[in-house]
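Open your viewer and get ready to select residues by number. This tour goes stop by stop.

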Amino acid sequence: MASKPGILTEWPWAWLGDYKYVVIVPWAIHATYSYMMKDPSERDFGHLAIFPFLLTRMLHNQLWISYSRYRTAKGSNRIVDKNIEFDQVDRERNWDDQIMFNGILFYIGYIYVKESHNLPWWRTDGVVWTILLHAGPVEFLYYWLHRALHHHFLYSRYHSHHHSSIATEPITSVIHPFGEHVAYFALFAIPLYTTVWTRTASMLSFAGYITYIDFMNNMGHCNFEHIPKRLFSIFPPLKYLVYTPSYHSLHHTQFRTNYSLFMPFYDYVYGTMDKSSDTLYESSLVRKDDIPDLVHLTHLTTPESIYHLRLGFASFASEPHKSRWYLWLMWPVTIWSMMITWIYGRTFIVERNVFKNLKLQTWAVPKYTIQYYMHWQREWINNLIEDAILEADEKGVKVLSLGLLNPEEGLNRNGDLFLRKHPQLKVKLVDGSSLAVAIVLNSIPKGTTQVVLRGNPIKVAYSVALALCQGGMQVFTLNEDDYKRIKAKLNDEAGNNLFCSKNSPSKIWLVGDGLSETDQRKASKGTMFIPFSQFPPKKTRKDCLYNTTPAMLAPKNFENLDSCENWLPRRVMSAWRVAGIVHAAEEWNVHECGNAMFSIEKIWKASLEHGFRPLTVSAESNLN
């Protein structure tokens, strides 16, 4: 929103929220119906093609978003080191409004401008006119309109909304108030309507020109430089005809220079070119990949989780992961993405963050949770994880957080397999179990004397049971197998506080994977379920309380955080991820994987000292 919003700021359909797409539906239905009902000799493919063309524009923009986020996460050729936060994602989530707006105007134009009917596929003279009209009137008028929008009166009411984003993304290019888009369409329509009225227009000249505008807008707002220097060496005048991402980034950081649309020519003519344009361009071209201090390793969960990655749909990634019914409509894309992940044999970067003086990255293993249960996939998955560890070690990464949502601890024995195979590793492997235990212990309300422990016994569960039993708290299991497994891990004194009972009076349940609906029905009304696993339990009781999985709220100085970690709320991180960050910040030169457990009290206190805060805090620590 602009600092002083003027008239025509909001889009007409803003009140519809996520249902705004119904606005375009009647137009698309009418075009389809008209095409089907007409005699084949009278059908106009151009009218029918408007809606599919809008979809291709959305896909085009989305590809730019994903590619740009991947490149800026890597760090190579990145231009501006400013951060992107949730407020920018929220501000830019309506980037497709302008595509809908254009589509409606195209439909209206088809109805009222008869010359737009039955356009040929190609006319060379129309393409030439489009190029000339863009280079002349469009670029010239845009330059002066843009300068006018930087006058304080218009800037505060309109254009400041666009300039709220310093570190730009491709979709930043179309984030403007509705009134600005009306003016921009009037400009870009000059070549379109001129060729229509002169009967030189063609479907490909229309589609090509609009695609050119989308391409240049997206390219110029990428926060990484990718225009090869040799292009300007081969044809020096090109610098006046084509801008670069670094050229336009200076407009977003300096505000009073580099006003041109796509052709810097007018900045040269009117003396508004930033003098550092060439220097920034060359320095961005030679910038190398970032070398992180910490890598957090994760993987995909459900098939639709690909859309919730930071490289997927930005608006989805900025919200906790939840199932959306309309994603089923995208099943062909979902299946295609699953096939790619099955074939693709490397981890990939999905996010970069900065905390104090630490550079952090998140890498994703291209495997889904269900694949971790397949025995024939285990070797393949372990090879991917091993390759990621060795790559991190070669790059000089200090800590690798094994934050994998791994339902099968036997897969690699909590990372111990890699440590035994490569004892010379310099990178420290951290599975974060100690902090997960600390968060669970500190989530138990003060005065609790009994708890129920239910779920697949894992490293965290054993350590929680040991800490509670040693502290004098009674721990109940609901079946004999869990009791025997945990009992075998405890000493005699702690074992006296472990019991097996099908019925427990406790209203505090510590739960993990394997908690069934039948188990939950055994709990008393008002029971608090506190997960110790990485996956949250399925909520089947409306009369009970469910805590989140072990997690902490990130401090305010944790930067470039614009996506949610799976189902966790904004700016909340899993214990396994936070543990790796704390290990790196404290420079603890130790591994925490396999059966090794770091000091629970030490990592808890260090996490608090670094500004991380628990989501649920008991009145008194249970660490003592």
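Which residues does UniProt list for "domain: Very-long-chain aldehyde decarbonylase CER1-like C-terminal"? Residues 451–614, in an unreviewed entry. UniProt positions are given here in the numbering used for this model, feature names are shortened, and annotations may be inferred rather than shown by experiment.

Before you click on, two notes. This is a predicted model, where local features need pLDDT of at least 70, side-chain atom pairs count only at pLDDT 80 or more, and totals for chains, interfaces and linings use all residues. Residues are numbered from 1 along each chain as its sequence is written, and side-chain values use heavy atoms, with hydrogens and water left out.

**Stop 1: the two annotated spans**

Select 451–614. The C-alpha atoms at its ends lie 20 Å apart. This span is 32% helix and 19% strand. Helices (H or I, at least four residues) and strands (E, at least two) are DSSP runs, numbered from the N terminus.

Now select 134–272. The unreviewed UniProt entry annotates these residues as "domain: Fatty acid hydroxylase". The span is 62% helix and 0% strand. Its end C-alpha atoms lie 20 Å apart.

**Stop 2: a nonpolar patch**

Select Phe140, Leu141, Trp144, Ile234, Phe235, Tyr240, Leu241, Phe265, Val269 and Tyr270. Together they make a nonpolar surface patch of about 910 Å². Patches are made of residues with over 30% relative accessible area and no salt bridge; like charges are joined within 9 Å, nonpolar side chains (Val, Leu, Ile, Met, Phe, Trp, Tyr) within 5 Å. Accessible areas come from the Shrake-Rupley method with a 1.4 Å probe, and for residues only the protein chains shown count as cover.

Which helices each supply at least two residues of the patch? They are H6 (124–149), H11 (238–241) and H13 (265–270). Click on Tyr270, in helix H13. Tyr270 counts as partly exposed because its relative accessibility is 33%. Buried means under 20% relative accessible area, exposed over 50%, and partly exposed in between (1.4 Å probe, protein chains only).

**Stop 3: strands side by side**

Go to strand S10, residues 528–531. Met528 and Ile530 point one way, Phe529 and Pro531 the other. All are buried. In a regular strand the side chains alternate between the two faces of the sheet.

Next, show strand S9 (residues 508–511), which pairs with S10 in the parallel sense over 4 bridges. Two strands pair if DSSP finds at least two bridges between them. Trp509 has Phe529 as its bridge partner in S10.

Now find another sheet. It is open, with 3 strands in the order S14-S12-S15 and antiparallel pairing. S14 (572–574) and S15 (613–614) each have a single partner strand, so one side of each is left without a neighbour in the sheet. Strand S12 (residues 551–553) is joined to S15 by 2 bridges. Leu553 has Arg613 as its bridge partner.

**Stop 4: salt bridges**

The whole structure holds 32 salt bridges. A salt bridge is a side-chain nitrogen of Lys or Arg within 4 Å of a carboxyl oxygen of Asp or Glu.

Select Lys20 and Asp97, whose closest N and O atoms are 2.8 Å apart in a salt bridge. Lys20 lies in the segment before helix H1 (25–37) and Asp97 in helix H5 (residues 97–112), so the pair ties together parts 77 residues apart in sequence. Both residues are buried.

Which residues pair with Arg577? One is Glu351, with the closest N and O atoms 3.7 Å apart. Another is Glu565, at 3.6 Å between the closest N and O atoms. Glu565 sits in the loop between strand S13 (558–559) and S14, 12 residues from Arg577. At 6% relative accessibility, Arg577 counts as buried. Glu565, at 12%, counts as buried too.

Finish here with Arg69, Glu169, Arg310 and Asp562, which are linked in a network of salt bridges.

**Stop 5: cysteines**

How many disulfides does the structure hold? It holds 0 (a disulfide is a pair of cysteine sulfur atoms within 2.5 Å). Select Cys500: the nearest cysteine sulfur, that of Cys469, is 13 Å away. Is Cys544 buried or exposed? At 8% relative accessibility, Cys544 counts as buried.
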